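Subject: Structure handover

Hello,

Here is the structure I promised to pass on. Please open it before you read further, and keep it beside this email.

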Amino acid sequence: MSASKRKWDQAGPEGSEGEGPSKATKVEDGKTASEAAAAAAAIAAKIAAQFANSGGASLGPKDPHDGDYTKDIDINDVRNRYLLTKGSTQQQIHEETGASVSTKGVWYPDRSKATEKDPPLYLHVSATSQEMLDKAVAKINDLMSMDMGSLVEDKSSRVRERRKWPEEKIPIGIESIRNFNVRAKVVGPSGMFVKYIQQETGTRVQIKGQGSGFVDQETGHEHDEPMFIHVTGPDEQQVQRAKALTEDLLEVVRAEHAKMKTVLAQQQMELHQAQVQYAAYSAYGVCMLRSCLLPRPASPRASVSWQTSCLCRLRRMILVCMLMWCIRSHDVLCIGIRAAAAG
């Protein structure tokens, strides 16, 4: 069958929607509309009677290339006419039975508008023997009675299946420490690192898990797993390439994390040493204060000597306290500067 638009897909001859065909139902001058409608009905009845009396022998002119045995089967109102008029279906019937099947006539939504020249849609079967013809007719009848289901797809009941893309989960495995935001380090400034991986591989990269800030739509909260990177994409090779870039990024972040841990450990050690020194200076100051509070002698001459000694010791204690305060302030200031520089 030709791939071009088939004749039976049309609604009928031009001008058949409004009034009857001009050649078959030509109304003489002076006839009313009811008389024209009666004439069209008479022609349709004549065609139907011709088909019934002939037993389906021939609805159109005889083809000189036909075999000795022919039969026409009316399919204008058959629900499976779309299947019967397909070239592949007719070729299958020919291969199974040996009979030739062709489509003739015109499909009419209202068959009363058919004419003798353009009869309703039918199949013309031609065979060289009665046995071939009977087999072909039986095959056509089977196709006519076959249940084709709904011709129009019910989109409301159709469940759309979403193809699942390949995915990978890469655990981050980095603990949170002071002045080191794991998620920010992985994502990069303004998401630069993640955007780069997505643009290079055509995948989607997301940070999920505890502390990621990603809320699952189904559960309404973060995943219970430790923080990880979720990579998904339409192609397995794209996902694997994104995984390789992600692992390379994590190596850099882990190295920076280890460096920060070393700096924090050194700062902690310096702070501990400063605390030990402060405790020693405090103990020394207490001892000096106690030594200043000596018992006062009874004699006046010894009392003058006692006052002079106390004043000297009090001056020493004040100097020691000032020295301790300076050392303490210097240590705390140095530690704060180092922490700010590391952060």
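Below is what I found in it, element by element.

**Confidence**

This is a predicted model. The protein chain has an average pLDDT of 74. A score of at least 70 is reached by 60% of the residues. Take care with residues 15–30, where pLDDT stays under 50. The model has 14 contacts for that stretch beyond four places in sequence. Residues 53–57 are also below 50. Seven contacts beyond near neighbours in sequence are present there.

Begin with the open sheet of three strands, in the order 1-3-2. Its pairing is antiparallel. Strand 1 (69–74) and strand 2 (100–104) are the edges. Each has a single partner strand, so one side of each has no neighbour in the sheet. From one strand to the next, the twist averages 20°.

Six bridges link strand 1 to strand 3 (residues 122–127), in the antiparallel sense.

Helix 3 (residues 87–97) lies across strand 2 and strand 3. Its angle to strand 2 is about 155°.

**Strand 6 and its partners**

Next, look at strand 6 (residues 228–232). Strand 4 (residues 167–171) runs antiparallel to strand 6, and five bridges join them. Glu168 has Val231 of strand 6 as its bridge partner. Strand 5 (residues 204–208) also pairs with strand 6 in the antiparallel sense, again over five bridges. There, Lys208 is opposite Phe228 of strand 6.

Is strand 6 covered or open? It is mostly covered, with five of its five residues buried. In a regular strand, side chains alternate between the two faces of the sheet. Phe228, His230 and Thr232 point one way from strand 6. Ile229 and Val231 point the other way. Both sets are buried.

**Thr232**

Stay in strand 6 for Thr232. Its relative accessibility is 6%, so it counts as buried. What does Thr232 touch? Leaving out residues up to four places away in sequence, the list is Trp165, Pro166, Glu167, Thr203, Arg204 and Val239.

Most residues other than glycine have a negative phi.

- Asn179 is not a glycine, yet its phi is positive, about 65°. It sits in the loop between strand 4 and helix 5 (182–187). Its relative accessible area is 40%, so Asn179 is partly exposed.
- Ser190 is not a glycine either, and its phi is positive at about 55°. The loop between helix 5 and helix 6 (192–201) holds Ser190. Its relative accessibility is 70%, so Ser190 counts as exposed.

Best wishes

Terms used: Residues are numbered from 1 along each chain as its sequence is written. This is a predicted model: local features need pLDDT of at least 70, side-chain atom pairs count only at pLDDT 80 or more; totals for chains, interfaces and linings use all residues. Side-chain values use heavy atoms; hydrogens and water are left out. Two strands pair if DSSP finds at least two bridges between them. Helices (H or I, at least four residues) and strands (E, at least two) are DSSP runs, numbered from the N terminus. Axes are lines fitted to C-alpha atoms, for helices over the stretch in contact, and angles run from 0 to 180 degrees between N-to-C directions. Contact means heavy atoms within 4.5 Å. Buried means under 20% relative accessible area, exposed over 50%, partly exposed in between (1.4 Å probe, protein chains only). pLDDT is the predictor's confidence in each residue, from 0 to 100.
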